[in-house]
Amino acid sequence: MDDAIRVEGLVKRYGDVVAVDGVSFGVRAGTVLALLGPNGAGKTTTVECIEGYRTPDRGLVRVHGYDPVAEREHVVARLGVMLQGGGTWRGASPRELVRLFARFYADPHDPDELLARVGLSARAQARVRTLSGGEQQRLSLALALVGRPDVVILDEPTAGMDARARRLVWQLIEELREHGAAVLLTTHLTDEVERLADRVAIIDRGRLVALDDPAALLAGPAADRVRVLSPADVDAGALARALGGVPVVAEGRGRWLVHAGPEVIPAVTAWFAARGLPLSGVASVGLDDVLLRLTGEDP
Amino acid sequence: MSRAAPPRARLQAQATLELRLLLRNGENLLVAFGIPAGLLVLFALVDVLPTADQPPVDFLLPGVLVAATMGSALVALAISTGFDRDYLVLKRLGTTPLRRRELVAAKIGAILAVQVIQVALMVGIAVALGWPVALPLRPLGGAAAVAALALGTAAFAGIGLALAGRLRATLTLALANTLFVLLLGGSGLFFPLDALPAGVRAVVGLLPSAALVELLRGALGPAPLLLTDWGVLAVWALGAPAVAARVFRWE
């Protein structure tokens, strides 16, 4: 089956600065792809090329086979976009805005039901300027979804939300996937990726450094580290020798990073037990560490 | 299969909300209704203006209609569009089925609706103040007045959108209000332009506001309708929107 979103060899420059440098990926219907990377990595530029805001300098972007700039009208009718903040009249109410956007589409969701789904019923008549940051984000999500899009692009969808609102948004994104939408989200929250993403694309300085499913990334060479937590005064050199000479690096108070895969975990546990030292944690690293390693911020 | 609503439905929805937001904003109400109505009532009752031997309300109505037109087409449109741009509303609308030309048409439609209310209100107040006191209303004068107001709207909207389309909203706000005061001062609302020295009169006569006041004085009174005034206003009505279309940036 064809990808709903297809990006091939995308290059975008601003003057001398190369913001996106040859990125390729696809998003299939009924899947969620998370675009992950540090600030300034090129996530928003990539997304804005798919949304038709920017024309690529090189490469190709297609949404259901259409060019988002040249064939805009074919793309916008089935595209739902959530920008990073802004995008609404501050003197209007959520209900007015959702009703307006509903009237742009042939078969929209019921505006009041949608406001209830994103938890804004009680604030439906308030002025946008009086909404909290998290409430504005949820309004923005409602506006993205009101036209029943089958391609959804969410730029940092849970930024500024409390834990409850975040769960609500995650649930909505999972429902979108179940209904067959292709979802592309940018984020720098790795727990969001682990919960939602079928595939992760990691971008760093405009380049794609990984494209895989989260489990594969966590099983891959970039995750070949074990973190050890202990309140005791540990002799890192002795531990390293006991593990056959693999590096053991102190990370700060009570934290060490063993440069080896999960196969060393039993040996680590045994080493602590043999010396009667307390051990409060030993586990493979998570997506956070993988991201830092792949984006060159951690050796 | 199209998942977008038909163009007319989109335009109608957008124009309706634009109008509601315009009428909800206190500053817009002040500049579009409060100031022109206030000028009309104040100077009709307090006869301090050199009104060229005309009863004050007869002299004032054309200038007040121009003040109202500038208040909506220049000031309110510029400021609302400027803030739309700053708050990324225009950008956000860019990924919906609403097209740019529909958005522009919706804004113009909302402004025209405001102007219908403005004209009704100003003429209503003038009538309550005794208008027309001593005016020989000419046949087709009303049609000429509507034509002149339409050209004026195009000129002022063009100026407002040229500001809003390129500058930050706060700067647009300051400049639109300054232009409103300058164009109003040079419009002949407060005194007959012929009272000015010939050189100044010639320069001021090139302002769209002055040309429009002169045309309304002709359409709604004994003054002649001059071809030069139609010419000046037509140049602004074509030129300002053309400049706006060229300099406008959506984000």
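Predicted model: local features only at pLDDT ≥ 70, side-chain atom pairs only at ≥ 80, totals over all residues.
Residues are numbered from 1 along each chain as its sequence is written, and chains are lettered from A and ligands numbered from 1 in the order in which they are written.

In chain A, an open sheet of mixed pairing is formed by six strands in the order β5-β6-β7-β3-β8-β9. Strands (DSSP runs of E, at least two residues) and helices (H or I, at least four) are numbered from the N terminus, and two strands pair if DSSP finds at least two bridges between them. The edges are β5 (79-82) and β9 (207-212) of chain A, each of which pairs on one side only. From one strand to the next, the twist averages 15°. Four bridges join β5(A) in the parallel sense to β6(A), residues 151-155, and Leu79(A) stands opposite Val151(A) in β6(A).

Two helices lie across strands of this chain. Helix α5(A), residues 133-145, lies across β5 and β6 of chain A and runs at about 170° to β5(A); angles, from 0 to 180 degrees, are taken between N-to-C directions of lines fitted to C-alpha atoms, for helices over the stretch in contact, with contact meaning heavy atoms within 4.5 Å. Helix α6(A), residues 163-178, lies across β3, β6 and β7 of chain A, at about 150° to β7(A).

In chain B, the buried residues of helix α10(B) include Asp229(B), Val232(B) and Leu233(B), where buried denotes under 20% relative accessible area, exposed over 50% and partly exposed in between (1.4 Å probe, protein chains only). Viewed down the axis of α10(B), the buried residues fall within an arc of 135° and so line one face of the helix; the arc is that of the directions from the helix axis to the C-beta atoms. The face turned away from the buried side carries exposed residues, among them Leu227(B) and Arg246(B).

Key:
Heavy atoms only, no water.
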